[in-house]
Amino acid sequence: MKVQIDSQLCQGHGRCYDLAPDLFGEDEEGYATLTALTADGNVPDGREGDIRLAAANCPESAVLVFEEALNDRR
């Protein structure tokens with residue numbers, strides 16, 4: 001699974017980093033960022049539910065989640 005923040009959509013509501021502060025952070029203006037755990041876009045094993053929860057709670061749909069196809073896993 002992959003995750004991204006669409007900076008054009010993010011309005012800084014902060015729900016993602018409130019729900020999963022080790023996966024999402026905020027910049028100096030309060031907009032969402034990815035943390036060291038997710039900076040490469042990869043979701044850590046076992047944290048898929050937290051990413052989905054953050055995405056589902058974003059009122060601007062700025063948390064983008066990409067499910068990997070089974071044949072993409074190596």
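This is a predicted model: local features need pLDDT of at least 70, side-chain atom pairs count only at pLDDT 80 or more; totals for chains, interfaces and linings use all residues.
Student: Which element gives the largest share of the largest nonpolar core?
Tutor: This core has 16 residues, and Val3, Cys16, Phe24, Ile51 and Val63 touch the most other members. The elements that give two or more residues to the core are helix 1 (15-19) and helix 2 (48-57). The largest share is three residues, and the element that gives them is helix 2.

Student: Which residues does isoleucine 51 touch, not counting residues up to four places away in sequence?
Tutor: Ile51 is among the core residues that touch the most other members. With residues up to four places away in sequence not counted, the residues that isoleucine 51 touches are Met1, Val3, Leu23, Phe24, Val43 and Val65.

Student: Is valine 63 buried or exposed?
Tutor: Valine 63 is found in strand 4. Not counting residues up to four places away in sequence, valine 63 touches Val3, Gln4, Ile5, Cys16, Phe24, Ala54, Ala55 and Cys58. Buried means under 20% relative accessible area. Valine 63 has 7% relative accessibility, so it counts as buried.

Student: How far apart in space are valine 63 and glycine 25, C-alpha to C-alpha?
Tutor: In sequence, valine 63 and glycine 25 are 38 residues apart. In space, C-alpha to C-alpha, the separation of valine 63 and glycine 25 is 12 Å.

Student: What is the volume of the largest cavity?
Tutor: The count comes to one cavity of 30 Å³ or more. The largest cavity has 15 lining residues, and the closest to its centre are Cys10, His13, Gly14, Cys16 and Cys58. The volume of the largest cavity is about 90 Å³.

Student: How far from the sulfur of cysteine 10 is the nearest cysteine sulfur?
Tutor: A disulfide needs a pair of cysteine sulfur atoms within 2.5 Å, and the count of disulfides comes to zero. Cysteine 10 is in no disulfide, and neither is cysteine 16. For cysteine 10 the nearest cysteine sulfur is that of cysteine 16, at 6.4 Å.

Student: What is the relative accessible area of cysteine 16?
Tutor: Buried means under 20% relative accessible area. Cysteine 10, at 10% relative accessibility, counts as buried. Cysteine 16 is buried too, with a relative accessible area of 8%.

Student: Which residues are in contact with threonine 38, leaving aside its neighbours within four places in sequence?
Tutor: Threonine 38 lies in the loop between strand 3 and helix 2. At 0% relative accessibility, threonine 38 counts as buried. With neighbours within four places in sequence left aside, its contacts are Val3, Leu23 and Pro44.

Student: Where does threonine 35 lie?
Tutor: Threonine 35 is buried, with a relative accessible area of 17%. Leaving aside neighbours within four places in sequence, threonine 35 is in contact with Pro21, Asp22, Leu23, Phe24 and Gly25. Threonine 35 lies in the loop between strand 3 (32-34) and helix 2.

Student: How far apart in space are glutamine 4 and asparagine 42, C-alpha to C-alpha?
Tutor: Glutamine 4 is placed in strand 1 (residues 2-5) and counts as partly exposed at 42% relative accessibility. Leaving aside neighbours within four places in sequence, glutamine 4 is in contact with Leu34, Ala62, Val63, Leu64 and Phe66. Glutamine 4 and asparagine 42 are 38 residues apart in sequence, and their C-alpha to C-alpha distance in space is 9.0 Å.

Student: What is the phi of serine 61?
Tutor: Serine 61 is found in the loop between helix 2 and strand 4 (63-66). Serine 61 is partly exposed, with a relative accessible area of 45%. Most residues other than glycine have a negative phi. Serine 61 has a positive value, near 55 degrees.

Student: Which residues are in contact with glycine 12, leaving aside its neighbours within four places in sequence?
Tutor: Glycine 12 is in the loop between strand 1 and helix 1, and at 26% relative accessibility it counts as partly exposed. Glycine 12 and alanine 62 are 50 residues apart in sequence and 9.8 Å apart in space, C-alpha to C-alpha. With neighbours within four places in sequence left aside, the residues in contact with glycine 12 are Tyr17, Gly30 and Tyr31.

Note on methods. Residues are numbered from 1 along each chain as its sequence is written. Side-chain values use heavy atoms; hydrogens and water are left out. A nonpolar core is a set of buried Ala, Val, Leu, Ile, Met, Phe, Trp, Tyr and Cys residues joined through side-chain atoms within 4.5 Å. Buried means under 20% relative accessible area, exposed over 50%, partly exposed in between (1.4 Å probe, protein chains only). Helices (H or I, at least four residues) and strands (E, at least two) are DSSP runs, numbered from the N terminus. Contact means heavy atoms within 4.5 Å. On a 1 Å grid over the protein atoms alone, a cavity is a set of points where a 1.4 Å probe fits but cannot get out, and a pocket is an open set with protein on both sides within 12 Å along at least five of seven lines; lining residues have an atom within 4 Å of a point. Grid points are joined across faces, edges and corners, and a volume is the space filled by probe spheres set on the points.
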